[in-house]
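Hello,

Here is the structure we spoke about. Please open it alongside these notes.

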Amino acid sequence: MNASERQKLEKHPLDVIDDVYEYAADGCSFAEIEARGGEGEWQRLKWAGMYAQKQAGYFMMRTKVPGGHLTPEQAAVIGEVASEFATAPEKFGGSEQNELWGDAYLDITTRQDVQMHWIRIEDVPEIWERYEAVGLTTVQGCGDSARNVLGCPAAGLDDHECFDAQPVVDAVSEYFTGNRAYANLPKKFKLTITGCTCDCAQSQINDLGLVPATTDLDGQAIYGFHARVGGGLSDGPRMASELDVFVRPEDAVEFCRAVAQTYKELGDRNNRGLCRLRYLVEQLGPETFERAVRDRCTVDLPPAGEGLTVGYRGDHVGVHAQKQAGLAYVGFNVVAGRMGGDEFTAAARAAREYGTDEASIRLATDQNFLLTHVPDAHVDDLLDEPFAREYRPDPGPFSRGAVGCTGDEFCNYALVETKRRTKRWARALDERIDVPDDVEVIRMHISGCSASCAQPQIADIGFRGETVALDTDGDGVEDEIVEGMDVGLGGSLGADNAFLDWIETAVPADAVVPALAELFDAYAAERRDGEPFYRWARRVENDRLREIARRGDAAVAEGVSAGD
């Protein structure tokens, strides 16, 4: 049994909630927290949605948002909490800690969560009190349990959906949150549930995904779900496998419980590197895994019917007509997912001012957000708001597809800075590269390490942080260490899903933008019949892709701006 398992057996992880109140009341330092709770307390605090930041004495806090759905009241509270509590002390730069975002900002994540930094333990009870008043929680935002349940951010709005699955998202989230029986799994358990035909919630890379389907039961055609299991990224990426089951919406909670039970009983608890559900599915095989789930499920599971997923949409950026006549939703582009707490509060105010009583803020898996139920006559006024001009719904293709993880600014695992770099590179590429007119988005995902929080494996262009040793004076001796990237091309989800190929390793960061400029010149010259970039990158041999990209090194040597 590994150390994490021993620590979880010493005390139930959810008991840490009570500990937080005690630590806050006593104003405990990090040293005092460890002295009271032991080394394992840092792991258990994740069940409270809190990660120890690399800056000792401060936490990253993660707020769960099932399906990404927020009322304006909830969004306003999140923005206010960021403005008041996610503030850096003067010794770490204060209001000037970050030259692009300043202070008091929040991050929208690829799992429709909200993350904040610089949270002090003594402020957590007040944050929780404000959250509880509007139905928000940080419980199990992290830790070895069911994480935030993903859904389509346009659920209930879009003609692409077969049915609105948000009620199922809410029911499954409510079942697992605070459930002591399923709060100690071998490792994290990621779920996604959608009634949308475009798989906006990325079922192919989650532990468990429910996607729309139909079947005939007792002579009547009904809607429900097909199930995909064992998807995931990080080291050992795997696309999810289809099970031969049809899940009625009213049976979804029980089905998800049975999958969690199977994982709880059969998942590896010895090797932290092999304890994700995808390794269990790979080990048993999908058919054996399905039988294990059926054995533990208390409802009837008919065989699979007709799947209704037709592709992968990827984002909802732009102004879109809702299926409710006379209303629109607007998808705003937040490069790298970071925005000021005051800006998020302004978006909540705009939802109330310009939207109907049903208006909401929806977080998307590409780190963007939607504002819904806007009467057509109010759209122009909404787009004239200061936050809307900053997070415009008509960005360039690189900005539209840019995703960045937390990076070494706060994360102990990241090797490179990511948030600022993502925004700068996206803007530089939009200014510098003329992509074909029919290409609306280029997905560029930047992760600071191999953990894949920015999902680089499914991007057109994926980056993974590295350190690079350079010989700066040409004497054959490596005398400088700089930030760099592993570079991959050709990833996508959907009908032609594939993980990218890592074509180059340890590329100095300042060579990346010129390398991409060379690649896109070649793409524009060679693409066939509207071919998207990821298909072109798969068609071209990796050796030639490397050759093209390395022309960027010469450009850097000649003094061409690298956009970094």
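**Glutamine 202 and its surroundings**

The side chains of glutamine 202 and glutamine 455 are joined by a polar contact of 3.2 Å. Keep in mind that this is a predicted model. Glutamine 202 sits in the loop between strand S6 (191-193) and strand S7 (208-217). Is that residue buried or exposed? Its relative accessible area is 2%, so glutamine 202 counts as buried, the cut-off being under 20%. Leaving aside residues up to four places away in sequence, glutamine 202 touches Thr110, Thr192, Tyr312, Thr365, Gln455, Ile458 and Leu493.

Next, look at strand S2, residues 59-63. Five of its five residues are buried. Phe59, Met61 and Thr63 point one way from S2. Met60 and Arg62 point the other way. Buried residues therefore lie on both sides, and Arg62 is among them.

S2 pairs with strand S1 (residues 50-52) through three bridges, and the two run antiparallel. Methionine 50 is opposite methionine 61 in this pair. S1 and S2 make a hairpin with six residues between them. Glycine 57, in the turn, has a positive phi of about 100°.

S2 also pairs with strand S5 (residues 114-119), again in the antiparallel sense, over four bridges. Here methionine 61 stands opposite methionine 116 in S5.

**The nonpolar cores**

Methionine 116 comes up again in the largest nonpolar core. That core has 62 residues, and Met116, Ile361, Phe369 and Phe387 touch the most other members. What does methionine 116 touch, not counting residues up to four places away in sequence? The list is Phe59, Met60, Met61, Ile78, Val81, Ala82, Ala86, Leu106 and Tyr131. A second, separate core has 38 residues, including Ile433, Ala515, Leu519 and Phe533.

**Sheet S3-S14-S15-S12-S11**

Five strands form an open sheet in the order S3-S14-S15-S12-S11, with antiparallel pairing. Strand S3 (69-70) and strand S11 (318-321) are the edges. Each has a single partner strand, so one side of each has no neighbour in the sheet.

Within this sheet, strand S14 (residues 361-363) and strand S15 (residues 369-375) pair over three antiparallel bridges. Leucine 363 has phenylalanine 369 in S15 as its bridge partner. Phenylalanine 369 is also one of the core residues that touch the most other members. Helix H11 (residues 341-354) lies across S3, S14 and S15, and runs at about 20° to S15.

**Sheet S16-S17-S18-S19-S20**

Another open sheet has five strands, in the order S16-S17-S18-S19-S20. Its pairing is mixed. Strand S16 (402-404) and strand S20 (501-508) stand at the edges. Each of these has a single partner strand, so one of its sides is left without a neighbour in the sheet. On average, neighbouring strands of this sheet are turned by 25° against each other, direction ignored.

Strand S19 (residues 480-489) is joined to S20 by five bridges, and the two run antiparallel. Glycine 484 is opposite proline 508 in S20.

Two helices lie across this sheet. Helix H15 (residues 419-432) lies across S16, S17, S18 and S19. H15 runs at about 155° to strand S17 (444-447). Helix H16 (residues 512-526) lies across S17, S18, S19 and S20, running at about 135° to S18.

Best regards

Technical notes: Residues are numbered from 1 along each chain as its sequence is written. This is a predicted model: local features need pLDDT of at least 70, side-chain atom pairs count only at pLDDT 80 or more; totals for chains, interfaces and linings use all residues. Side-chain values use heavy atoms; hydrogens and water are left out. A nonpolar core is a set of buried Ala, Val, Leu, Ile, Met, Phe, Trp, Tyr and Cys residues joined through side-chain atoms within 4.5 Å. Buried means under 20% relative accessible area, exposed over 50%, partly exposed in between (1.4 Å probe, protein chains only). Contact means heavy atoms within 4.5 Å. Two strands pair if DSSP finds at least two bridges between them. A polar contact is a pair of N or O atoms within 3.5 Å; within protein, one must be able to donate a hydrogen and the other to accept it, and residues adjacent in sequence count only if both atoms are side-chain atoms. Axes are lines fitted to C-alpha atoms, for helices over the stretch in contact, and angles run from 0 to 180 degrees between N-to-C directions.
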